[in-house]
Amino acid sequence: MLTALEQGVKGGVWFSLIDKVYAARTMAAAWRHVRIRAGAAGVDRQTVEQFATQAEQHLQHVARALRTDTYTPQPVRRCWIEKAGNVEKRPLGIPTVKDRVVQTALRLVLEPIFEREFHPRSFGFRPGRGCKTALRQVQRLLEAGATWVVDADIQKYFDTIPHHALMTEVKRRVADGRVLKLLEAYLTQGVLEELEQWTPAAGTPQGAVISPLLANVYLHPVDEALAAAGYEMVRYADDLVILCRSEAEAQAALSLLDALLRSRGLQLHPDKTRVVDAIQPGGFDFLGYHFEQGRRRPRKQSLRKLKDALRHATPRTSGVSLAVTIERLNATLRGWFAYYQHSQRSTFAPLDGWLRMRLRSLLRKRSGRRGRGRGWDHRRWPNVYFREQGLFSLVEAHARACQSL
């Protein structure tokens with residue numbers, strides 16, 4: 001089965017797939033994915049842990065319902081999450097555990113079919129690709145002289161994908177009516193927020209396992225058209241940049257992108273889409289990094305989010321021991337550095353100094369003094385003191401990373 005999915009079939013269209021979705025092997029693999037990712041309960045309030053207590057019976061029941069065409073997705077539970085550096089919130093749909101298993105099984109079957117044709121400059125939610133590979137491609141193009149950048153933002157992309165047009169794209173490769181019916185059921189499944197329920201007329205639910213794959217399917221023709229026109233695009237889901245060698249080329253690329261999206265019922269955000277010269281002051285943000293004048297550093301929102309997390313771990317009134325505090329800080333710092341280690345060297349020393357100041361303030365409070373750590377506190381608790389306590393240093397980590405290159 002997997003070999004056939006990877007190699008394709010004659011004519012490129014699959015007529016029999018539903019049996020591969022409910023196959024015991026696929027369902028078991030889907031459950032493993034869902035269990036690892038965990039997550040909150042859906043509208044039925046069943047948690048992953050509760051599902052796990054009778055996983056085999058649940059999987060058999062779901063497989064039987066899929067085989068007999070009696071499976072019906074439940075509504076998703078709507079919640080809202082903060083958007084970094086933005087007063088707006090992002091809607092998130094939480095499917096039930098059972099629906100997450102079925103969607104994952106669908107993705108495991110459909111993904112190899114579409115992966116064979118996806119463009120190499122599409123990096124989001126694809127096997128063997130990710131933010132770091134996308135960022136490396138952006139850096140390579142900038143260093144090659146493509147410094148005029150179309151910094152594009154597709155307005156509410158996941159919420160506005162037209163269902164009919166999306167299914168038309170899916171049908172280019174999938175002709176199994178039962179699979180298509182199941183996909184349409186997920187696109188139109190109810191949304192429950194508090195006591196109100198409604199059916200979406202467009203979009204794919206953010207939070208649904210199948211949504212990233214469908215989003216890539218719908219933008220694939222745009223990727224192909226931009227590449228055919230000779231433009232260097234780097235896309236991660238709905239976040240994309242086009243890197244050009246002149247302002248005229250960038251403006252032409254923006255015009256083409258705008259036309260392509262409009263033809264698909266989408267539109268660029270008028271306030272967040274622009275053409276910039278990356279070697280001039282200002283620059284652009286992409287996947288958490290800010291690129292400007294040949295330098296790369298965390299964007300302001302990313303730094304603010306890190307500092308908020310470190311503040312939360314270092315209140316002056318904390319009763320937690322310094323050793324435990326440092327252990328918690330190190331977990332945050334190591335995770336952050338793993339992603340942002342390729343930033344400009346000057347990024348790290350101010351953060352190290354700021355965090356030591358907060359720790360000195362905490363120690364100052366415990367010794368009966370008021371105010372922030374300053375003056376003689378630097379002698380009382382010098383930098384080497386925190387190194388001896390095991391505090392992770394971004395500066396030292398960056399130096400080690402550079403030595404290993």
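**Note on the predicted model**

1. Strand β2 supplies three residues to the lining of the second largest pocket, the largest share. This pocket has a volume of about 240 Å³. Its lining has 18 residues, and R78, D159, V191, P200 and P205 are the closest to the centre. At least two lining residues come from each of β1 (76-83), β2 (86-94), α8 (157-160) and α10. On terms: a pocket is an open set of points on a 1 Å grid over the protein atoms alone, where a 1.4 Å probe fits, with protein on both sides within 12 Å along at least five of seven lines, and lining residues have an atom within 4 Å of a point. Grid points are joined across faces, edges and corners, and the volume is the space filled by probe spheres set on the points.

2. The model is predicted: local features need pLDDT of at least 70, side-chain atom pairs count only at pLDDT 80 or more, and totals for chains, interfaces and linings use all residues. Residues are numbered from 1 along each chain as its sequence is written, and side-chain values use heavy atoms, with hydrogens and water left out.

3. The protein chain has 18 helices and 11 strands (DSSP runs, H or I of at least four residues for helices and E of at least two for strands, numbered from the N terminus). Its C-alpha atoms fill a box of roughly 75 × 60 × 45 Å along the principal axes. Of its 405 residues, 46% count as buried (under 20% relative accessible area, with exposed over 50% and partly exposed in between, using a 1.4 Å probe and protein chains only). Among contacts (heavy atoms within 4.5 Å) between residues at least 6 apart in sequence, 71% join residues at least 24 apart.

4. The largest nonpolar core holds 111 residues, and L110, I242, F284 and F286 have the most contacts inside it. Helix α6 (residues 97-115) gives the most to this core, with nine residues. Such a core is a set of buried Ala, Val, Leu, Ile, Met, Phe, Trp, Tyr and Cys residues joined through side-chain atoms within 4.5 Å. Beyond its neighbours within four places in sequence, F286 is in contact with A134, L135, V138, V234, D239, L240, V241 and F291.

5. There are 16 salt bridges in the structure (a side-chain nitrogen of Lys or Arg within 4 Å of a carboxyl oxygen of Asp or Glu). One of them joins R173 and E117, with the closest N and O atoms 2.9 Å apart. R173 is in the loop between α9 (163-170) and α10 (177-187), while E117 is in the loop between α6 and α7 (131-143), 56 residues apart. A network of salt bridges links E117, E169, R172, R173 and R264.

6. R121 and E232 form a salt bridge at 3.8 Å, N to O. R121 lies in the loop between α6 and α7 and E232 in strand β6 (residues 232-236), so the pair ties together parts 111 residues apart in sequence. Both ends are partly exposed, R121 at 21% relative accessibility and E232 at 29%.

7. E292 and R297 also meet in a salt bridge, at 3.1 Å, N to O. E292 is buried, at 13%, whereas R297 is partly exposed, at 33%.

8. What is the nearest side chain of opposite charge to R296, which is buried yet has no salt bridge? E143, 7.4 Å away (Lys and Arg count as positive, Asp and Glu as negative; His and the chain ends are not counted). R296 is in strand β11 (residues 295-298). Leaving aside neighbours within four places in sequence, the contacts of R296 include Y289, H290, F291 and H342.
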